Amino acid sequence: MTDQQHVLRPTYTRDGVRHVAPRSTMPDGEMEPTSAYQLVHDEVMLDGNSRLNLATFVATWMGDEADRLYAEVYDKNMVDKDEYPRTAAIEENCWRILGSLWNVPDVDDCIGTSTVGSSEACMLGGLALKRRWQLARRAAGKSTERPNLVMSSAVQVCWEKFCNYFEVEARYVPITAEHPCLDGSNVEQYVDENTIGVVAIMGVTYTGMYEPVKEISATLDALQARTGHDVPIHVDGASGAMIAPFLQAEIEWDFRLERVHSISTSGHKYGLVYPGVGWVVWRTLDALPEELIFRVSYLGGNMPTLALNFSRPGAQVLLQYYQFLRLGREGYTAIQQECQDVAKYLAQGISEIGAFDLWNDGSDIPVFAWRLKAGHTENWNLYHLSDRLRMKGWLVPAYPMPDDLADVTVQRIVVRNGVSRDLADDLLADIRTETAWLDGLTSPMPAEGQRSGFHH
């Protein structure tokens, strides 16, 4: 068939589109590019509308100028700093801006890097803690076996991965109804001479609550005075590190606390950038052991590299700088405040339905969770409500809380930039409608096959 015939034939009558596309083997021949495009385009229509996904923290909207910039720079390799020196310089601009935002003592004496996401940033923060502990133990002539890391049972799964991959014992402090996050009250029971650090979360994934870093730090100060154990803190600020500086500047959670050695965040969450980019910054140059910095000859230049990944996109780093320039403190404050206002509006509306108890109300990061009120019904649960909302296009996950609260199921909403008050009002109306429908049942809904809709 000639190219002219391809142009003339309707899209869905062309050879490539008239057959089921191969799923697990490479096709033998070529396919006309518009046909290949149409097949992939049609497949991902089944994913649903990302703007209505209230499960994810990840940015789903940036605007026309950002989209155009993205299309212009998608081919840049972040690691090829010799070939793309301005992209490399912009990366450094970004992590120094973040260090300044997080009150680093001396912006010229800190160090940081971009990563693929905050999970990689957490891995690097954990590795630095482990290596500094090992170096100190060796210098003191002590064993470097059996390192451990102390954290809440509600940490994001990347910390479980870190401990597994890098052979560190994970010591989980269980959250309870009395202590719904790591608050320092019993951290000392888990710390010993082999503790490489404590992880504090600014915005617990399950509920959006801040862990009180200052109180955790004070507990560790008192512990050091009694035992001599000097335990640093890594702040996992995947979401909160890009909320607190703008909405809760009075909270001391960052490098104002000397015990905080490193902070990580997701640029692609409340950093307002498309996936995936993360950041990690250390308070001083010596907080990151020099031996974790590799200096390699690559593509014509000598290049220091900190990250676990090598070749990776530079586009999201440039988009992060675009957002810093475009929005500034004023713009970020306005966006984060609107997200929080919408979250609190939704939380208030859901609390007024009468079927639910709020776990929190979105006053920390613009995320909140609720549970079914005790004794409200035996005919349905939050998984059923999640399914009913999904039929209308909304993704609102239901999932069990961790460990000691595993018998408690909650539902969560993440309000991101682009979740307008108008959209929120539509969602609230649908929650009211579906709750009323479920309350009208005269017998129990089937519960077989229900599974958690939890998303990080």
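**Pocket and cavities**

Mentor: By class, seven nonpolar, four polar and six charged residues make up the lining of the largest pocket. Here Ala, Val, Leu, Ile, Met, Phe, Trp, Tyr, Cys and Pro count as nonpolar, Asp, Glu, Lys and Arg as charged, and the others, Gly among them, as polar. This is a predicted model, in which local features need pLDDT of at least 70, side-chain atom pairs count only at pLDDT 80 or more, and totals for chains, interfaces and linings use all residues. Residues are numbered from 1 along each chain as its sequence is written, and side-chain values use heavy atoms, with hydrogens and water left out.

Trainee: How much space lies in the largest pocket?
Mentor: About 360 Å³. Of its 17 lining residues, Trp-133, Ala-136, Glu-193, Thr-195 and Asp-230 are the closest to the centre. On a 1 Å grid over the protein atoms alone, a pocket is an open set of points with protein on both sides within 12 Å along at least five of seven lines; a cavity is a set where a 1.4 Å probe fits but cannot get out; lining residues have an atom within 4 Å of a point. Grid points are joined across faces, edges and corners, and a volume is the space filled by probe spheres set on the points.

Trainee: Which helix gives the most to that lining?
Mentor: Helix 5, with five residues. Helices (H or I, at least four residues) and strands (E, at least two) are DSSP runs, numbered from the N terminus.

Trainee: Now the cavities: how many of 30 Å³ or more are found?
Mentor: Three, in a search of the whole structure. The largest cavity holds about 110 Å³ of space.
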